[in-house]
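Thank you all for coming. Please take a moment with the sequence and the structure on the screen, and then I will walk you through them.

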Amino acid sequence: MMKQRWASIYKCTQLLWSILLVLVIWNLPQSALADVNPQEINAIIRTRDIALQALNTRDFAKIQPYLHPNFTITTVDNQVFHKVPEFEKYWNQQFSSSIKDIKMQLKGDTIRTFLTPDIDVASGEAIASFSFKDGKAADMALRWTAVLQKLQDKWMIQSLHFSSNLLNNPVLNAARQLGQILAVAAGVGGFVLGAVMMLLLRRRNKPRTDRI
């Protein structure tokens with residue numbers, strides 16, 4: 001009887017500690033948020049603005065000091081980059097075809113969650129404005145998620161992810177329109193070429209009349 005009673009007490013104690021541990025873990029984000037002062041928020045916004053300026057001006061030297069040593073950037077076309085030169089090459093390649101310029105601006109409020117006082121998970125919406133070489137322009141709605149970590153008194157971007165609606169993509173629409181124009185041009189060109197060939201064949205196969 002005594003052993004069973006002590007066993008029951010031990011189980012109840014273990015259960016109580018487990019519940020307390022779950023409650024502590026559950027309340028960690030709120031405690032972390034309470035420990036973040038406005039100066040830290042301003043520092044995070046500064047890092048965000050520098051990253052936005054680097055994209056819009058294509059000057060990635062500005063953002064490099066604010067990137068985490070193990071940072072990751074995932075683009076809207078599902079490509080992943082871990083080094084600034086690789087992403088810079090990818091970004092500059094966007095302007096080698098029909099795109100003349102891309103400007104990005106944030107839209108609406110930023111949703112922010114602090115996992116710890118030194119780790120911030122932020123998300124929100126943005127608008128990418130495309131200017132094409134043919135003079136046309138279009139906007140594309142984006143969603144973004146960023147994880148920032150404070151290292152050496154500086155908030156650095158650990159990961160950055162962009163997503164968009166593939167059914168409403170101005171770049172794909174422009175490429176589709178160009179493809180349609182090329183297809184029509186190829187069809188017209190093929191028709192003309194076929195007509196010319198038929199005319200030449202008819203002339204070559206036309207029977208000659210002998211003179212009397």
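Let me begin with His161, which is partly exposed, with a relative accessible area of 36%; here buried means under 20% relative accessible area, exposed over 50%, and partly exposed in between, with a 1.4 Å probe and protein chains only. Accessible areas come from the Shrake-Rupley method with a 1.4 Å probe, and for residues only the protein chains shown count as cover. This is a predicted model, in which local features need pLDDT of at least 70 and side-chain atom pairs count only at pLDDT 80 or more, while totals for chains, interfaces and linings use all residues. Residues are numbered from 1 along each chain as its sequence is written, and side-chain values use heavy atoms, with hydrogens and water left out.

His161 sits in strand S6, where strands (E, at least two residues) and helices (H or I, at least four) are DSSP runs numbered from the N terminus. If we leave aside residues up to four places away in sequence, His161 touches Thr74, Arg143, Trp144 and Thr145, a contact being heavy atoms within 4.5 Å. Thr145 is 16 residues from His161 along the chain, and their C-alpha atoms are separated by 5.3 Å.

**The chain as a whole**

Stepping back, the secondary structure of the chain comes to five helices and six strands, and from the N terminus on the elements run α-α-α-β-β-α-β-β-β-β-α. The chain has 212 residues, of which buried ones make up 24%. It exposes about 15,500 Å², with carbon and sulfur atoms supplying 60% of that area. Among contacts between residues at least 6 apart in sequence, 54% join residues at least 24 apart.

**The core**

Which residues touch the most other members of the largest nonpolar core? They are Ile63, Phe87 and Trp91, in a core of 37 residues, where a nonpolar core is a set of buried Ala, Val, Leu, Ile, Met, Phe, Trp, Tyr and Cys residues joined through side-chain atoms within 4.5 Å. At least two residues of this core come from each of helix H3 (38–57), strand S1 (67–74), helix H4 (84–93), strand S3 (99–116), strand S4 (119–132), strand S5 (137–151) and strand S6 (154–164). The largest share, six residues, is supplied by H3. As general background, nonpolar side chains tend to be buried together in soluble globular proteins.

Ile63 itself touches Thr47, Ile50, Ala51, Ala54 and Ile157, again not counting residues up to four places away in sequence. Thr47, one of those partners, is found in helix H3 and is buried, with a relative accessible area of 1%.

Beyond four places in sequence, Leu142 touches residues including Val76, Met104, Ala126 and Phe162. The C-alpha atoms of Leu142 and Asn165, 23 residues apart along the chain, are separated by 7.6 Å.

**The cavity**

How many cavities of 30 Å³ or more does a search of the whole structure find? It finds one, where a cavity is a set of points, on a 1 Å grid over the protein atoms alone, at which a 1.4 Å probe fits but cannot get out, and lining residues have an atom within 4 Å of a point. The largest cavity holds about 390 Å³ of space, the volume being the space filled by probe spheres set on the points, which are joined across faces, edges and corners.

Its lining has 28 residues, of which Arg48, Ala51, Leu52, Ile157 and Leu160 lie nearest the centre. H3 gives the largest share of this lining, seven residues. The lining divides into 23 nonpolar residues, one polar and four charged, with Ala, Val, Leu, Ile, Met, Phe, Trp, Tyr, Cys and Pro counted as nonpolar, Asp, Glu, Lys and Arg as charged, and the others, Gly among them, as polar.

**Two loop residues**

Finally, most residues other than glycine have a negative phi. Arg58, in the loop between H3 and S1, has a positive phi of about 60° although it is not a glycine, and it counts as partly exposed at 33% relative accessibility. Asn78, in the loop between S1 and strand S2 (80–81), has a positive phi near 65° and is exposed, with a relative accessible area of 64%.

Key. 1 Å grid on protein atoms, 1.4 Å probe; cavity = no way out; pocket = protein on both sides within 12 Å on 5 of 7 lines; lining within 4 Å.
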